[in-house]
Amino acid sequence: METANIALTFLIAAAGSWLGLKSRLPAGALMGAIFSVGLFQILTGMAAFPQEIRVVTTSATGAFLGGRVNRRDIRTLRSVCLPAVLMTAGMLGYNMVCAQVLYRLAGLDFMTALLACAPGGLTEMTLVAIDLQANSALVSSIQIIRFAAVTLCVPVLLRAVLARRGRGGRVEEDAPAPDEAAPGQDGKHILLTLSIGLLSGLLGKLSGIPAGTLCFSVAACAAYNLCSGRGELPRKVRTVVQCGNGALIGTKLMAGQLLLLQSILPPVAAVTAGWIGLNVLLGLLLHRTGRLSLETALFAAAPGGMGDMGLIAAEMGGNSVQVMALQLCRVISVIAVCPHLAVMFG
């Protein structure tokens, strides 16, 4: 039965991704899979997605992002140092404000409230909540709500701003066209890049370093592309990876979690709206102070998953390397600081 449930979950995720892409939903493959699998899980409780596959999907995400790295990207990384400090400080400060709101208005214990609001990644914060004996169900539920809201709203806001500037939502000149194949791309190099990404991702997982799977995979595939110029993967890989990530997130949705959220939905909605507003403010600040394109700045400041934001930024014409660098700085800082704050104030 478990095997049948896994196969059915994959089919539902694929159908949801297809519908999301056809309906031109922002990050359609990802959000379509989340909604379809999440609805299936809430209605039946039968959705199944082996957690071990997360290593594969995360490694493939890293392979796609790392394969886009070129020498010009490496040279521009120096410009993100000041933006990284500004963004991380702003997000950690707002995280404390959000935690106080949920603690006082929603009746959550402070440790659960702090981890539920922390911009450190859905999986990472849920695991920290389990370790610290906080309410991991509420942490994951509130994290999913924010992730979905950010993933839906930020691309829409970006397109609106670009349309007002007369760019019509076009990507940057140096971004590849959506269906453009990488130079020298063939089955052998695609398979080699994916193999490098998977093996390095497994090493990153075993290392125990925060976000090690993604970081190791990005670094290894970036090194391969810099040396060979043949590491870039087709954009169809991005679609498959987003489908897998969406299925994994969708299986975490439970009817019981939604019932828990009913009584605290107003403060959670207010906190989530505040995150979107902060995302826009920090994005504009990064755009002006860090010489980043608006696309890059908005997704770098988005409190979503590091790999998912990198993929969506690549789709929208941003510089995924700079997005990943800024997101990594924030994730490491949040994972290092938030558990200590939770213990101190919890």
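A residue is called buried when its relative accessible area is under 20%, exposed when it is over 50%, and partly exposed in between, using a 1.4 Å probe and protein chains only. By that rule, 54% of the 346 residues of the protein count as buried. This is a predicted model, in which local features need pLDDT of at least 70, side-chain atom pairs count only at pLDDT 80 or more, and totals for chains, interfaces and linings use all residues. Residues are numbered from 1 along each chain as its sequence is written, and side-chain values use heavy atoms, with hydrogens and water left out.

Start with the overall fold. The protein has 16 helices and 0 strands. Helices (H or I, at least four residues) and strands (E, at least two) are DSSP runs, numbered from the N terminus. Contact means heavy atoms within 4.5 Å. Among contacts with a separation of 6 or more, 76% join residues 24 or more positions apart.

Two packed helices are described by the angle between their axes and the distance between the axes. Axes here are lines fitted to C-alpha atoms, for helices over the stretch in contact, and angles run from 0 to 180 degrees between N-to-C directions. Helix H1 (residues 2-22) packs on helix H2 (residues 28-44) at an angle of about 135°, and their axes are 7 Å apart. Angles under 35 degrees count as roughly parallel, over 145 as roughly antiparallel, 65 to 115 as roughly perpendicular and the rest as oblique. H1 and H2 are therefore oblique to each other. Their crossing is right-handed. A crossing is left-handed if the near helix is turned anticlockwise from the far one by less than a right angle, and right-handed if clockwise.

Which residues of H1 and H2 meet? H1 brings Leu8, Thr9, Ile12, Ala13, Gly16, Ser17, Gly20 and Leu21. H2 brings Gly28, Ala29, Gly32, Ala33, Ser36, Val37 and Phe40. By class, this contact of H1 with H2 has 8 nonpolar, 7 polar and no charged residues. Ala, Val, Leu, Ile, Met, Phe, Trp, Tyr, Cys and Pro count as nonpolar, Asp, Glu, Lys and Arg as charged, and the others, Gly among them, as polar. An α-helix has 3.6 residues a turn, so residues three or four places apart point the same way.

The expected span is 1.5 Å times one less than the number of residues. H2 is mostly covered, with 12 of its 17 residues buried. Among them are Leu30, Met31, Ile34 and Gln41. The cover over the buried residues of H2 includes H1, helix H8 (136-164), H11 and H15. Glycine 45 follows H2 and has a positive phi, near 70°.

H3 (residues 53-66) comes next, and H15 packs against it at an angle of about 40°, with the axes 10 Å apart. H3 and H15 are therefore oblique to each other. H3 passes H15 in a left-handed crossing. Thr61, Phe64 and Leu65 of H3 make the contact with Gly307, Gly310, Leu311 and Ala314 of H15. These residues divide into 4 nonpolar, 3 polar and no charged. H3 is largely enclosed by the rest of the structure, because 11 of its 14 residues are buried. Thr57, Thr58, Ser59 and Gly62 are among the buried residues of H3.

H15 (residues 306-316) also packs on helix H11 (residues 235-250). Their axes come within 11 Å and cross at roughly 145°. This crossing is left-handed. H11 supplies Arg235, Arg238, Val241, Gln242, Asn245 and Ile249, and H15 supplies Asp308, Leu311, Ile312, Ala314 and Glu315. In helix H5 (residues 81-105), 25 residues should span 36 Å at 1.5 Å a residue, and the end C-alpha atoms are 36 Å apart, which agrees. Its buried residues include Met87, Met91, Tyr94 and Cys98. Phenylalanine 216 lies in helix H10 (residues 212-228). Is phenylalanine 216 buried or partly exposed? It counts as partly exposed because its relative accessibility is 31%. Phenylalanine 216 touches Ser200, Leu203, Gly204, Ser207 and Ile209, leaving aside residues up to four places away in sequence.
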